[in-house]
Amino acid sequence: ALVTYLQAHQGSARYLVAAVSAGTAANLALSSGRNVIDMGGFSGSDPSPSLSQLRSLISSGQLHYVLLGSERYGGVGAPNAATRARNSWIKAHGTVVKVGVATGSTTLYHLASAA
């Protein structure tokens, strides 16, 4: 349901979605055949893309959706201050999109007009 929704709403955006963690991004890219941004590397804690890069992608119309997972603090893969700031901005400026059955582990945000 998620891939179908994103494909139907991608419009002219270059990227289908930005997804936290390489595994999630890879699964979405493989199942959709579309460009997906890997946000956060393997564990989701890498501050890439930065908040300014993300905002630039959104404001230029290249990206409309971000998929965040549940955040972990402490231990391996704990998000640093830049990653927490980016994710906080997404939550504060995005609109939550309910697609299919909610699992509680990921949240889709629409950010097309937030930058």
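So, going from the N terminus, the elements of this protein run α-β-α-β-α-β-α-β-β. That comes to four helices and five strands. When I say helix, I mean a DSSP run of H or I with at least four residues, and a strand is a run of E with at least two, numbered from the N terminus.

Quick housekeeping. This is a predicted model, where local features need pLDDT of at least 70, side-chain atom pairs count only at pLDDT 80 or more, and totals for chains, interfaces and linings use all residues. Residues are numbered from 1 along each chain as its sequence is written, and side-chain values use heavy atoms, with hydrogens and water left out.

Okay, the overall picture. Of the 115 residues, 38% count as buried. Buried means under 20% relative accessible area, exposed means over 50%, and partly exposed is in between, with a 1.4 Å probe and protein chains only. If you take contacts (heavy atoms within 4.5 Å) between residues at least 6 apart in sequence, 59% of them join residues at least 24 apart.

Now let's look at a pair of strands. Strand S1, residues 17–20, and strand S2, residues 36–39, pair in the parallel sense over four bridges; pairing here needs at least two DSSP bridges between the strands. Ala18, for instance, has Ile37 in S2 as its bridge partner. To get from S1 to S2, the chain goes through helix H2, residues 22–32, and this β-α-β crossover is right-handed. That term means that with the strands pointing away from you, the path from the first strand over the helix to the second runs clockwise.

Let's stay with H2. Which residues of H2 are buried? They are Ala25, Leu28 and Ser32. The arc is taken from the directions from the helix axis to the C-beta atoms. These buried residues pack against H1, S1, S2 and S3. On the face turned away from the buried side, you'll find the exposed residues Asn27 and Leu30. And just after H2, Gly33 takes a positive phi of about 75 degrees.

Helix H3, residues 51–59, can be read in the same way. Leu54, Leu57 and Ile58 are buried there. They cover an arc of only 100 degrees around the axis, which puts them on the same side of H3. What covers them includes S2, S3 and helix H4, 81–93. The face of H3 turned away from its buried side carries the exposed residues Ser52 and Ser59. Just after H3, Gly61 has a positive phi of about 80 degrees.

Next, aromatics. A search of the whole structure finds one aromatic pair. Tyr5 and Tyr65 form it, edge-to-face, at 5.8 Å centre to centre with 80 degrees between the planes. For a pair, ring centres of Phe, Tyr or Trp (its six-membered ring) lie within 6.5 Å; planes under 30 degrees apart are stacked, over 60 edge-to-face, and the rest tilted. Tyr5 is in helix H1 (residues 2–9) and Tyr65 in strand S3 (residues 65–69), so the pair ties together parts that are 60 residues apart in sequence. Tyr5 is partly exposed at 22% relative accessibility, while Tyr65 is buried at 4%.

Last stop: Gln10, in the loop between H1 and S1. Is Gln10 buried or exposed? At 8% relative accessibility, Gln10 counts as buried. Leaving aside neighbours within four places in sequence, Gln10 is in contact with Tyr15, Leu16, Arg34 and His64.
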